[in-house]
Amino acid sequence: MDDNPPLLLIVDAANVVGSVPDGWWRDRRGAAERLRDALAAEGLPGHAGPLETVLVVEGAARGVESVPGVRVEAAPGSGDDHIVELVARAANGRNCLVVTADRELRRRATALGAEVTGPRSIRRR
């Protein structure tokens, strides 16, 4: 067992994509794919260590495929509930960072020991 597993970065795709009014609503799946590709190329700005990235998609973005460096998980129901489930599974001492601006999701994730940050931490300007 690895004593220092990589940081688990969990990204709320719907929330991050929806944080910038760039027409994402016309192609939700395409917007999620662009976010996935940016995460694969750039990782987490300012984080130099190992990273495991999970992009949680829901609704019209279901069907987005994983790529090297980013595992995509389609939430079977609520994306927020799926993210909380992922955080709970990682709660055995693994560092976990959730990217979302959703206040209730932030509360639920921090209650389980995750850190949270907003969409600006990964969105290009």
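This is a predicted model: local features need pLDDT of at least 70, side-chain atom pairs count only at pLDDT 80 or more; totals for chains, interfaces and linings use all residues.
Residues are numbered from 1 along each chain as its sequence is written, and side-chain values use heavy atoms, without hydrogens or water. Local features need pLDDT of at least 70, side-chain atom pairs count only at pLDDT 80 or more, and totals for chains, interfaces and linings use all residues.

Q: Why is Ala-60 called exposed?
A: Exposed means over 50% relative accessible area, buried means under 20%, and partly exposed lies in between (1.4 Å probe, protein chains only). Ala-60 has a relative accessible area of 52%, so Ala-60 is exposed.

Q: Why is Arg-36 called buried?
A: Arg-36 has 9% relative accessibility, so Arg-36 counts as buried.

Q: What makes Asp-37 and Arg-36 a salt bridge?
A: A salt bridge needs a side-chain nitrogen of Lys or Arg within 4 Å of a carboxyl oxygen of Asp or Glu. The closest N and O atoms of Asp-37 and Arg-36 are 2.8 Å apart.

Q: Why is Asp-37 called partly exposed?
A: Asp-37 has 39% relative accessibility, so Asp-37 counts as partly exposed.

Q: How do you know that Arg-94 and Glu-52 form a salt bridge?
A: Their closest N and O atoms are 2.5 Å apart. Arg-94 lies in the loop between α3 and β4 and Glu-52 in strand β2, so the pair ties together parts 42 residues apart in sequence. Helices (H or I, at least four residues) and strands (E, at least two) are DSSP runs, numbered from the N terminus.
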